[in-house]
Amino acid sequence: MTVTENDATATQLTLLDELVLTLLNEESGYFRQVPGWNLNCAVVGAALAELSLIYRIDTDMESLILLDQTRTGDPCLDPILSEIAKEPVQRNAQYWIERLAPKADSIIDTTLERLVDLKILQHHEGDFWSLAQGAWKSGFHTSSEVGTAVEFVKTRISRAIFNNEIPGPRDVIIICLIDTCDVLRYIFELDEESEARVEQVCKMDLIGRAIADAVSENIAVSLFQRTALTRAIPRLKLRKVMRSKQLRKGNVPAFMAELHKEYGPVFDVKVPFQGRMIFLAGPETNHWVHRHGRMHLRARDYLEDFEKVYGGVGLLPALDGADHFRYRKSIQPGYARGRLEEQLDMVFDKARENLATWNVGEADIAVTMCRNLINSELSPLTIGIDSNDVSDDMHKFKERALKTHLAKTLPKFMLHTPSMRRRAKLIDDVVDRVLRVHTPAQRAGCPRDLADELLNMHGSDRQFLPESNLRFVLSAPLIASMYVGDQLSFIAYAMLAQPEYLEKIREEADALFANGDPDRETLTGPAIDVTRRFIMECLRMYPIVPMSVRNVMNKCVVEGYELPEGARVFIAQTATHYMSDHFPDPFTFDIDRYQAPRKEHIGSTYAPYGLGTHTCLGIRWTELQLAINLLMMVHYYDLEIAPKKYKLKISPFPSMSPNKKLKFRVAGKRHELPV
């Protein structure tokens with residue numbers, strides 16, 4: 001086979017890179033669902049084949065032979081090479097594929113990181129991936145024949161299969177790997193002749209044949225499919241639940257950490273009128289949900305009735321799979337932190353307008369003050385309107401809908417009282433306001449906002465985002481302001497209750513606004529280091545969404561426990577926030593957790609924004625908005641907790657928030673508001 005520019009390019013991608021790229025399903029933002037054992041064998045086989053191609057090992061029909069144990073510098077290959085070198089007895093390729101298969105997850109993670117670093121793949125919140133724009137513009141590919149990394153690999157494969165070209169060693173191996181994963185039929189349309197050609201190609205390489213043998217023999221399948229050996233899920237008694245001190249305080253994460261300590265990572269409880277509730281808690285289940293939850297769990301069943309309240313079907317929170325990824329990708333720009341940073345002047349102006357309504361000597365309910373402050377900025381920034389006149393009604397309607405259809409703590413007729421019917425009509429009013437200001441003439445010269453993204457999606461595909469869904473999606477920012485406002489009220493309470501932190505945050509705030517409003521670089525730098533870490537610790541101790549709920553769509557085994565199809569699962573992702581193995585002395589407020597060398601927030605044990613595919617879209621936007629508002633509050637006012645001896649009590653449903661007995665009193669004004 002003639003060496004071409006394409007072949008030169010191929011040497012820049014390892015077989016592991018090529019395998020991952022061909023498995024990527026760009027429609028779903030994830031990878032084609034290959035049975036775990038098959039995928040693990042293919043991944044390890046790719047690593048062994050790469051070691052063979054760079055002359056570190058060789059294979060024959062009977063054995064795998066170590067040629068050179070010199071490190072390659074590749075973090076995927078070197079641990080495997082080292083393990084082969086330590087083995088005193090010579091083994092064959094199939095043995096090593098089966099032995100190393102459990103390491104496949106870490107190999108995949110490292111490969112994905114490499115492809116992101118090379119700007120071939122782009123990583124999105126929720127562990128989605130897509131091909132990065134301009135993936136081959138940095139010297140990886142210069143031929144005009146094919147454009148992306150995936151197209152490059154597919155072109156070589158198709159030539160070998162359909163043009164009967166003599167395949168090179170890499171082509172043989174990658175075809176065998178993809179065939180092992182049984183995804184060739186999703187990439188190409190194969191007839192009998194081409195299937196025979198694939199079978200012929202796969203016999204040309206010993207490593208490839210070893211992979212196929214390992215899969216067919218399936219010696220270690222019991223390691224991956226232990227359904228028959230699963231344990232009974234521990235059941236806790238409802239009366240014991242009700243005695244919990246942490247639950248009475250409303251501290252759901254701490255309560256779940258207690259249960260995990262006694263019952264383990266999976267347990268259930270049978271609740272009257274609710275049925276069986278299965279809970280997942282702990283670092284292992286967090287990791288499983290983040291990596292594998294998309295294959296086995298779905299949100300639709302739980303949210304179906306809630307969707308109907310807003311007259312919609314297929315809303316983002318209830319979507320899964322390819323539709324979910326497509327939706328997120330379409331509206332991601334509307335939640336980007338860059339959008340907020342580009343409009344800091346509006347953020348400061350709107351915040352000051354709201355802060356100017358605070359009167360010295362008066363006290364108000366903390367969550368009301370913070371929700372209104374956040375909404376005064378979020379609503380104009382995302383949907384182009386001021387909506388504080390109706391935001392309180394929108395929040396009450398949303399809370400009632402959640403309590404009725406999700407928490408099921410209220411009967412359904414409570415959503416149809418005269419006050420609730422009036423509030424339901426206000427949703428249409430909000431939508432009308434948004435539509436009136438989002439005509440082409442009205443939006444000329446304006447920066448794009450979330451409503452622009454949504455209306456553009458509606459215009460381009462009215463089946464995917466129908467008019468019936470606009471009531472929810474265009475009023476959603478008002479709902480978001482409830483959550484962000486509640487988080488701000490927790491943060492402000494924690495600051496006022498700890499004078500030592502109040503003083504440090506006030507110092508940062510006064511320095512920040514000493515010479516006018518700060519720019520985006522200042523707000524992302526060390527100038528607000530204490531404030532940033534303080535907020536992170538509040539998110540750990542007081543996460544507003546401590547659990548997520550899913551239904552099992554595919555039976556699965558988690559930590560040795562089988563989750564049956566159709567079961568309702570409560571994922572207590574923030575239980576780890578109160579586990580001393582991950583956050584030492586978890587009930588102590590400590591902002592140094594997030595500094596080197598501790599960095600306790602790294603990994604899936606710190607999960608205030610959720611896990612997996614439904615991770616919050618606006619994480620970085622929210623973090624910045626929380627910081628700006630907290631800093632402005634302490635810069636302009638002296639605030640006090642009212643009543644002074646108030647001890648925090650949490651309302652846990654439908655989401656965590658300080659109860660309404662907590663008030664903030666404006667004790668004095670520190671600086672004049674330039675409104």
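Predicted model: local features only at pLDDT ≥ 70, side-chain atom pairs only at ≥ 80, totals over all residues.
Strand β15 (residues 637-642) runs antiparallel to β18, and six bridges hold the pairing on record here. Strand β10, a stretch covering residues 363-365, also pairs with β18 in the antiparallel sense, this time over three bridges. Lys 663 turns up in both pairings: it is the bridge partner of Ala 642, and it is the bridge partner of Ile 365 as well.

Rolling a probe the size of a water molecule over the atoms shows where empty space is left. Across the whole structure, a search turns up two cavities of 30 Å³ or more.

The largest cavity comes in at about 60 Å³. Its lining is made up of His 124, Glu 125, Phe 128, Phe 325, Arg 328, Lys 329, Gln 332 and Leu 617. Helix α17 (residues 321-335) supplies the largest share of that lining, with four residues.

Around it sit Tyr 310, Met 394, Ser 475, Leu 478 and Ile 479. Here the lining counts four nonpolar residues and one polar residue, with no charged ones.

Terms used: Residues numbered from 1 in each chain as written. Heavy atoms only, no water. Pairing = 2+ DSSP bridges. Helix = DSSP H or I, 4+ residues; strand = E, 2+ residues; numbered from the N terminus. 1 Å grid on protein atoms, 1.4 Å probe; cavity = no way out; pocket = protein on both sides within 12 Å on 5 of 7 lines; lining within 4 Å. Points joined across faces, edges and corners; volume = space filled by probe spheres on them. Nonpolar A, V, L, I, M, F, W, Y, C, P; charged D, E, K, R; others polar.
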